[in-house]
Amino acid sequence: MRVLLTAINAKYIHSNLAVYSLKSYASCYTQDVEIAEYTINQDVDDILADIFKKSPDILCFSCYLWNITFVSQLLVEVKKVMPHVHIWLGGPEVSFNAGQVMKSYPQVDGIMCGEGEETFHELLDYYNGKIKNLYDIKGIVFRVCKNNENLSEIVENQSRQVMDLSKVPFVYNDMGKFKNKIIYYESSRGCPFSCSYCLSSIDKCLRFRDLGLVKKELQVFIDAEVPQVKFVDRTFNCRHEHAMAVWSYIARHDKGKTNFHFEVAADLLNEEELRLIETMRPGLIQLEIGVQSTNQDTIREIHRVMKFDEVKRVVNRIHIAGNTHQHLDLIAGLPYEDYNSFRKSFNDVYSLKPEQLQLGFLKVLKGSFMYQNVEKYELQYQDRPPFEVLSTKWLPYVDVIRLKGIEEMVEVYYNSGQFSNTLQELEKKFEDAFSIYEKLSQFYEENNLHMINHSRITRYEIMHQFILKYDPDREEIYRNALTVDLYLRDNVKNRPGFAGNDTVTKEEASEFYDGEASEHRYLKGYEQYDKRQLRKMTHLEKIGGKLLLFDYKNRDILTNQAKIFYV
């Protein structure tokens, strides 16, 4: 039996840990199982043709929020061109409403619910005659055809007991397969918390992989100099001993190349963990911290455990150390959070100055507590993936639209890291940080600038126009800040209008680079380059009577901004 495990990822750089884990666990069928990874940016017809050419007898799809629409299209078409193929689904997007999915898609033979490794192995045993009946396989929903082929019965077998995570094989023995990909790694499954919007809260059986295995596997990534490893553990630091063991190991064996990403609860980080983090190489780890809201009524209602005062203390301390990228999340559309309440949550989190501030929107996931309480919260949401909130009892759709515009401005102007100096000046003008992005969004709409994919230079020019409207008296200060921000990221060749003509004459530049080529007072690591090359690889700018040198080779590892010297 030829089996095709199909993953349709959001981006090319992503990899699907689930399909590799299923194949590795069913190692006795390795010759029969093939993995095919695609992306949602590819053409459906191209993927359909590729699947057809692979001629599987059994076709399995890994189903998630971001790809279910894509998978649904393929389900219908695959059966037309491959009528005898057996189609099985798995993944969080089909596990919690498997019966309904089966009714909606008669093309599907069955669904593997929950953890898939053992279930997939037994499914292959069935198709190879080692298990006689699908009724004997736990954790599946399947279709039984009756005498009349047009009639069928949907059978839901009892759920399967969770497995020992240490028995899941390591899938990255051949790192060549994952070149230029983000590596996803799992050292624990389940979650100790019960957040009402999250499917992880349903599985309360928290398990950890054996630390001896974890350390051995982390060394593979370190030795291969993988750029980034993302831990998929839902709350990595929920067990202190586990977190300390992993962080101590990667700090001790670090080769200066690999970045490790962890999702953590900041208010659980203790003194020992913080001291260890403060000693790490800049960029060794990055932390994703889900705040979601600072409204205490909201936090209680969504069954979340989060002490914001402690989060604030911890995030500020890590920020002062200056060696760890912090990504903080907010969710709009939660119970008891109206527009003004969200404004406060935003300002509370913004004041912590994280490297990234994600303004997300509630997704009403099937199987979640939030899904079960849509009537209580008067919650309207999209019928299509990603099932995002449209309105709640507290947040009308008009405010959701406003927050969508603000989200885009935060992405463009804050999370890009390209306007840091300019934003610092704007914070002096507006009553709060939220108002900056609120007014920016309004400015875009008023000038028909929204719904357009602008170039980076255009974004700077739009910001300059915005400044002329809201704070023209300090235009020169902003112009200097914008110019610094512009050159902090790249040595742009075509100066935007607000920057004016070159501020450094050819003679001044020639004199500086003549001296630098012989003395290297500022540009360390450029010794092999001559003055002409130095000039191309750096930038000189005169601002406020001071000469600034932008060094693009030695960038800040957290912000990717050029190093600046005041000459």
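Tyr336 lies in the loop that runs between strand 14 (325–332) and helix 12 (339–350); helices (H or I, at least four residues) and strands (E, at least two) are DSSP runs, numbered from the N terminus. The phi angle of Tyr336 is near 70 degrees, a positive value in a residue other than glycine. The structure is a predicted model, in which local features need pLDDT of at least 70 and side-chain atom pairs count only at pLDDT 80 or more, while totals for chains, interfaces and linings use all residues. Residues are numbered from 1 along each chain as its sequence is written, and side-chain values use heavy atoms, with hydrogens and water left out.

A further backbone feature concerns a peptide bond. The bond from Pro385 to Pro386 is cis, with omega near 10 degrees. Pro386 belongs to the loop between strand 16 (380–381) and strand 17 (389–391). Most residues other than glycine have a negative phi, and most peptide bonds are trans.

Helix packing was examined next. Two packed helices are described by the angle between their axes and the distance between the axes. Axes are lines fitted to C-alpha atoms, for helices over the stretch in contact, and angles run from 0 to 180 degrees between N-to-C directions. Angles under 35 degrees count as roughly parallel, over 145 as roughly antiparallel, 65 to 115 as roughly perpendicular and the rest as oblique.

Helix 1 (residues 17–25) packs on helix 6 (residues 117–127) at an angle of about 55 degrees, the axes being 9 Å apart. Helix 1 and helix 6 are therefore oblique to each other. Their crossing is right-handed, the near helix being turned clockwise from the far one by less than a right angle (anticlockwise for left-handed). Ser21, Leu22 and Tyr25 in helix 1 meet Glu117, Glu118, Phe120 and His121 in helix 6, where contact means heavy atoms within 4.5 Å. The residues of this contact comprise three nonpolar, two polar and two charged; Ala, Val, Leu, Ile, Met, Phe, Trp, Tyr, Cys and Pro count as nonpolar, Asp, Glu, Lys and Arg as charged, and the others, Gly among them, as polar.

For helix 14 (residues 397–415) and helix 17 (residues 456–470), the packing angle is about 110 degrees and the axes are 11 Å apart. Helix 14 and helix 17 are therefore roughly perpendicular to each other, and their crossing is left-handed. On the helix 14 side, Glu408, Val412 and Tyr413 meet Arg459, Ile462 and Met463 of helix 17. Four nonpolar, no polar and two charged residues make up this contact.

The axes of helix 15 (residues 420–429) and helix 18 (residues 475–489) cross at roughly 150 degrees and come within 7 Å. That makes helix 15 roughly antiparallel to helix 18. Among the residues of helix 15 in this contact are Glu425, Leu426 and Lys429, and those of helix 18 include Tyr478, Leu482 and Asp485. The contact of helix 15 with helix 18 divides into seven nonpolar, three polar and three charged residues.

On a 1 Å grid over the protein atoms alone, a cavity is a set of points where a 1.4 Å probe fits but cannot get out, and lining residues have an atom within 4 Å of a point. Grid points are joined across faces, edges and corners, and a volume is the space filled by probe spheres set on the points. The count comes to two cavities of 30 Å³ or more. The largest cavity holds about 40 Å³ of space, and its lining includes Asp267, Arg304 and Met306.

Methods: On a 1 Å grid over the protein atoms alone, a cavity is a set of points where a 1.4 Å probe fits but cannot get out, and a pocket is an open set with protein on both sides within 12 Å along at least five of seven lines; lining residues have an atom within 4 Å of a point.
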